[in-house]
Amino acid sequence: MITISVNGEIKEVKEGLNVKELIVALNYTTQGFAVAVNTTFVAIKSYETTIIENGDTIDILTPVQGG
Amino acid sequence: MNNNNNTWEIGGKTLNSRLLIGSALYPNPANMEEAIKISEAQIVTVSLRRQSAGDNNNNGKAGNSFWNIIKSLNINVLPNTAGCHSAKEAITTAQMAREVFGTNWIKLEVIGDQYNLQPDPFETVKAAEILIKEGFEVFPYTTDDLVVAKRLADVGCNILMPWGSMIGSGKGLMNPDNLTAIRKQFPKLKLIVDAGIGKPSHATKAMELGYDGVLLNSAIALAGDPVKMANAFKYAITAGRLGYEAGVMQQREFASPSTPVIGTPFWHQFK
């Protein structure tokens, strides 16, 4: 297991997951949000090639009201 | 309302309305939807935020009800980078917004001071340059500083959005002379007054200065009756634009009667 931060919350997940597998493990759908790892954007096309490492910081953002 | 056939273009789109409306701070989603509809705005600003802990139980759909309302309005979406304090943060947020919202438009906000939410000009210019190279249409939120405006234009911004006054202050146009200077310096750029608008008359004034549009949120959302206020801003912005196009009369330093003097009954001259 590795320890990561997801939207500011510490979580333990299986080692070796890519982003696509991580969002499934976290029970997110595959639409309506975008992902950044360590403050760098990860496009959908790169989900499967981006491996989550111990200590990574994941941000998953969804639409909200804005001015 | 928009029947004067007065279309304009921004970011590759031809629009009728010159009001850019925010989607935040309304009493409830239904009120937001109704206000946006009655405003006839064709651009609405939105944002991105983390899903809070526990939203996973909602299967990752925390923002979907809001987003579904916005999509149903079938108008242009302008995502912002609100809350970012560096070019790096703003660029990442813009990239994420492009994927989520399916638009290359980005309202670039890089805040430099937490007290007055003044934009950081250095980081804003840096981010704008990179985002434009990545194919974004950047709507930069900036101050009314002419030199910053020049720098943003130098890196390729087609649009500038100087503030009227501090975000959410409702104080109106602090420095209309500065806004006029930017208008004169950049006749071909699209200029939007963004932030600080409190009353419909503030928006009218911005339009009378020759600005192409006005972006506002709090003035409508925090009004006693947001829907009625949205309607008021629609008329105010149209009035200001028509006034600008019509050409305002020259001010005079003396009184001049509008009613004909010839034939005045009981005519007499003041001594």
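Of the 67 residues of chain A, 31% count as buried (a residue is buried if 20 or more other C-beta atoms, placed from the backbone, lie within 10 Å of its own, exposed if 12 or fewer, and partly exposed in between). This is a predicted model, in which local features need pLDDT of at least 70, side-chain atom pairs count only at pLDDT 80 or more, and totals for chains, interfaces and linings use all residues. Residues are numbered from 1 along each chain as its sequence is written, while chains are lettered from A and ligands numbered from 1 in the order in which they are written.

**Exercise 1.** State how many helices and strands chain A has, and in what order they run.

*Solution.* Step 1: take helices (H or I, at least four residues) and strands (E, at least two) as DSSP runs, numbered from the N terminus. Step 2: chain A has one helix and five strands. Step 3: from the N terminus on, their order is β-β-α-β-β-β.

**Exercise 2.** Compare the radius of gyration of chain A with the globule rule.

*Solution.* Step 1: the radius is taken over C-alpha atoms, and the rule is 2.2 Å times the number of residues to the power 0.38. Step 2: for 67 residues the rule gives 11 Å, and the radius of chain A is 12 Å. Step 3: these values are close, so chain A is as compact as a globular protein of that length.

**Exercise 3.** Locate Asn7(A) and Glu40(B), and classify each as buried, exposed or partly exposed.

*Solution.* Step 1: Asn7(A) lies in the loop between strand 1 (2-6) and strand 2 (9-13) of chain A. Step 2: Asn7(A) has 18 C-beta neighbours inside 10 Å, so it is partly exposed. Step 3: Glu40(B) sits in the loop between helix 1 (29-39) and strand 4 (43-50) of chain B. Step 4: Glu40(B) has 19 such neighbours, and therefore is partly exposed. Step 5: phi is near 50° for Asn7(A) and near 60° for Glu40(B). Most residues other than glycine have a negative phi.

**Exercise 4.** Describe the largest nonpolar core and the contacts of Phe233(B).

*Solution.* Step 1: such a core is a set of buried Ala, Val, Leu, Ile, Met, Phe, Trp, Tyr and Cys residues joined through C-beta atoms within 7 Å. Step 2: the largest one has 89 residues, and Phe233(B) is among those with the most contacts inside it. Step 3: helix 3 (residues 87-101) of chain B gives the largest share of this core, eight residues. Step 4: not counting residues up to four places away in sequence, Phe233(B) touches residues including Leu19(B), Pro200(B) and Ile220(B) (contact means C-beta atoms, placed from the backbone, within 7 Å).

Note on methods: Two residues are in contact if their C-beta atoms, placed from the backbone, lie within 7 Å.
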